[in-house]
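The chain itself is shown first.

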Amino acid sequence: MKQMVKVIAVGSLLAASALYGAGTAACKGCHGQSFEKKAMGKSKVVKDMSKADIVAALKGYKDGSYGGAMKGLMKGQVAALSDADIEAIANEIAGGGSAAAAPAAAAAPAAAKIVNINEGVNDPNRLAKEDLGNKKEVTEEALGLRKVDLYSEDKAAPVAADFDRPAPGASTKFERAYVNAPPMIPHSVEGLLPITKDNNQCLGCHMPDQAKAMGATPIPPSHFTNYRPETVLKNGELVKEGKVVGLKGDIGNVGDIKVAKAKKLNHLYQGRFNCSQCHAPQAKIDPLVGNTFQPDGLNDTLKAHSNLADAMNEGVE
């Protein structure tokens, strides 16, 4: 899969408009300063579109009557735009000028706030209250997660999980739970799933060459690296990275073999195409129990960034 394989619709030029007002500064990272480029090689050249076409596309995304693969994503992006906003954006693009409503600071995304999803969950007072070991008497309600007595649990319903989130570009990032934890998805995934090897809409915002302009977390270097070992059958023996690890198909003990020598690629590694395999949406829900987990080494930098590519062999002897 080539690095630039992405599904881009005409409306991608406004992927951050709901966040930055009626300006188009954030769109120019993909479409060019004069909207002269095909965004990531896929979209129309927007400067060649008429104002009427731009307005129709944006309004169609907003009411759900327009769009293909990016329809779900773009509907969320333009949901907050008024007719006046859409008119101003179309005027700016079609006229080559600046929209009167564009904010002065729209040239760059605002610094993203990082939210600690464990805040309050690992509060010492809560943990002490929930610690059954320090209680002289434990009630039936405290024994399970349903918080009812054993005779009523068949009527107890689980807490409903609410995954409703702001659209991409309008959400707040979550702090990582531990060093190099896969970041949780802070925005709505409506219209983005399922991800397939031929249709991955995450790439439109998260590829490193686009992420800064979109205010998104860039895909890290580890995802552009092949760590799989070279494995061959030689003279009836299984050889992995030049080392015999078993006889006649028995792979034996391979625990002492370090991660294969990294093979850096100029495109996204195929084994990483399914983003939602590791990155999951975060439900808006009050956890039923406190969290006593305390990560080691999670400093302010690593709460929002990864150094996995530099630490692949840590702990391997």
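Ile-54 touches Val-46, Met-49, Ala-90 and Ile-93, leaving aside residues up to four places away in sequence; contact here means heavy atoms within 4.5 Å. The model is a predicted one, in which local features need pLDDT of at least 70 and side-chain atom pairs count only at pLDDT 80 or more, whereas totals for chains, interfaces and linings use all residues. Residues are numbered from 1 along each chain as its sequence is written, and side-chain values use heavy atoms, with hydrogens and water left out.

**Interior**

The largest nonpolar core has 13 residues, of which Val-46, Ile-54, Leu-58 and Ile-93 touch the most other members. Such a core is a set of buried Ala, Val, Leu, Ile, Met, Phe, Trp, Tyr and Cys residues joined through side-chain atoms within 4.5 Å, where buried means under 20% relative accessible area, exposed over 50%, and partly exposed in between (1.4 Å probe, protein chains only). The elements that give two or more residues to this core are α3 (51–63) and α5 (83–95); helices (H or I, at least four residues) and strands (E, at least two) are DSSP runs, numbered from the N terminus. Apart from this core lies another, of five residues, among them Leu-203, Met-207, Phe-224 and Leu-268.

For the chain as a whole, the secondary structure comes to eight helices and seven strands, and 31% of the 317 residues count as buried. Among contacts between residues at least 6 apart in sequence, 65% join residues at least 24 apart.

**Charged pairs**

The whole structure holds five salt bridges, each defined as a side-chain nitrogen of Lys or Arg within 4 Å of a carboxyl oxygen of Asp or Glu.

Arg-126 and Glu-130, by contrast, are separated by about one helical turn because they are four residues apart in helix α6. Asp-48 is exposed, with a relative accessible area of 59%, while Lys-47 counts as partly exposed at 43%.

**Turns and backbone**

Strands β4 (residues 231–234) and β5 (residues 237–240) pair in the antiparallel sense over four bridges, pairing being assigned if DSSP finds at least two bridges between two strands. Leu-233 stands opposite Leu-238 in β5, and the two strands form a hairpin with two residues between them, where Asn-235 in the turn has a positive phi of about 55 degrees.

Asn-180 also has a positive phi, of about 65 degrees, although it is not a glycine. Asn-180 lies in the loop between β2 and α7 and counts as buried at 17% relative accessibility. The loop between β2 (173–174) and α7 (203–206) also holds Pro-194, and the peptide bond from Leu-193 to Pro-194 is cis, with omega near 0 degrees.

**Surface**

The accessible surface of the chain comes to about 18,700 Å², of which 53% belongs to carbon and sulfur atoms; accessible areas come from the Shrake-Rupley method with a 1.4 Å probe, and for residues only the protein chains shown count as cover.
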